[in-house]
Amino acid sequence: MGSKDLINKVLALKRERNAVILAHNYMDYDVQVVADFIGDSYDLALKAMETKAEVIVFAGVRFMAEQAKALNYDRIVLAPDPGAGCTIADALDVGTLRRVKEEYPNVPVVLYVNSNVDVKALADYIVTSSTAIKVIRRLSSDVVIFGPDSNLADYVAYMTGKRIIKVPPNGKCVVHANYTVDMLREVRTKYPGARVMIHPEAPLNVLRLADFVGSTNQMIEYARNSGYDEFVVGTEIGMLNALRIKVSNKTFYPLTTGPSARCPFMAMITLDKVYRSLRDMVHEVEIPKSTADAIREAFERTRKLLEG
Ligand code: SF4
């Protein structure tokens, strides 16, 4: 089946099933084209709360679909490929987090949204790459347990001046952790008029040389509102699709097209799998109610802190 036929079939099935498709910014172009909403994982989980659709297809990796289920417990949430993990989320298990909590009993636990639901249920606060600094600054404690991304932990420590206890010590993204200062120097020579945007899951020595550090959504806003017309995009290469759809009047170049450009887990979510998940109503995400309740409470606590 050609891509256009498949797109039409997905759109027809979406109506038939009263479904919405939420697609992460890193998805293939054809998956973003059939989506009702495109955004980062947190955005999309919130979008899911606004929709009246009975079925939510989450075109992203597993922890994102599980998070959407936690925040929308009464809905049917489908994960097109439940085998799609994330090296950051999979770096932290419940036993490790419990041990660190016992070692530092009165220290708040702040977890990055890229964590699996069982550990997320043990967090006091859940943050995105765009809210981590603000949340940690607002906590009265000068020491914070933070994980699972080690580079984001370094960046947060650098920006807030607080002592960050990393849990685990070395959680890394298979894409961003491979960015180097040499890559950045190379694109500056190749595209001298472009602004360089880098995701905070990259190493701190690279972030310190960027023109802009931010989450995928912050990159979209920055590119849209900036007086510049050209940008180097230092995040997963699928992001170029989102930028070309949402900021179509500007030009974007990838930081790298090498082996670390594309996340192998994001690449597992194809239009064909989105189609099959809707056609066969698979794979439905199931998580314990108590886990979903604990995650919602942590999200709510975080929201109050940010708004307070
Ligand atoms: S790009 Fe990195 S953070 Fe995102 S899913 Fe892949 S491994 Fe995880």
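Student: How many residues of strand β7 are buried?
Tutor: In this predicted model, strand β7, which spans residues 143-147, is mostly covered, with four of its five residues buried.

Student: And which way do β5 and β7 run, parallel or antiparallel?
Tutor: Strand β5, residues 109-112, and β7 run parallel and are joined by three bridges; within this pairing, Leu-111 has Gly-147 of β7 as its bridge partner.

Student: How many bridges join β7 to β8?
Tutor: Four bridges join β7 to strand β8, residues 163-166, and these two strands also run parallel; there, Val-143 stands opposite Arg-163 in β8.

Student: What do β7, α8 and β8 make together?
Tutor: With helix α8, residues 150-160, β7 and β8 make a β-α-β unit, and that unit is right-handed.

Student: Switching topic, what is the strand order in the open sheet of four strands?
Tutor: The order is β10-β9-β11-β12, and the pairing in this open sheet is parallel.

Student: Which strands stand at the edges, then?
Tutor: Those are β10, residues 212-213, and β12, residues 251-254; each has a single partner strand, so one side of each is left without a neighbour in the sheet.

Student: What about β9 and β11, over how many bridges do they pair?
Tutor: Strand β9, residues 195-198, pairs with strand β11, residues 230-234, over four bridges in the parallel sense, and the bridge partner of Ile-198 in β11 is Gly-234.

Student: OK, now the ligand: which residues surround it?
Tutor: The residues around the ligand are Tyr-26, Val-61, Cys-86, Thr-87, Ile-88, Asn-114, Cys-173, Val-174, Glu-201, Cys-263 and Met-266.

Student: How many of that shell are nonpolar, polar or charged?
Tutor: Sorted by class, the shell around the ligand consists of eight nonpolar residues, two polar residues and one charged residue.

Student: And what is the space taken by the ligand?
Tutor: The ligand takes up the space of the largest cavity.

Student: Let me pick Val-61 from that list; where is it found?
Tutor: Val-61, one of the residues surrounding the ligand, is found in the loop between β3, residues 55-59, and α4, residues 62-71.

Student: Does Val-61 count as buried or exposed, and why?
Tutor: Val-61 counts as buried because its relative accessibility is 2%, and the cut-off for buried is under 20%.

Student: Last one: how many Å apart in space are Val-61 and Tyr-104?
Tutor: From C-alpha to C-alpha, Val-61 and Tyr-104 are 31 Å apart in space, and in sequence they are 43 residues apart.

Notes: Residues are numbered from 1 along each chain as its sequence is written. This is a predicted model: local features need pLDDT of at least 70, side-chain atom pairs count only at pLDDT 80 or more; totals for chains, interfaces and linings use all residues. Side-chain values use heavy atoms; hydrogens and water are left out. A residue is near a molecule or strand if one of its heavy atoms lies within 4 Å of it. On a 1 Å grid over the protein atoms alone, a cavity is a set of points where a 1.4 Å probe fits but cannot get out, and a pocket is an open set with protein on both sides within 12 Å along at least five of seven lines; lining residues have an atom within 4 Å of a point. A molecule sits in a cavity or pocket if more than half of its atoms lie within 2 Å of its grid points. Ala, Val, Leu, Ile, Met, Phe, Trp, Tyr, Cys and Pro count as nonpolar, Asp, Glu, Lys and Arg as charged, and the others, Gly among them, as polar. Buried means under 20% relative accessible area, exposed over 50%, partly exposed in between (1.4 Å probe, protein chains only). Two strands pair if DSSP finds at least two bridges between them. A crossover is right-handed if, with the strands pointing away from the viewer, the path from the first strand over the helix to the second runs clockwise.
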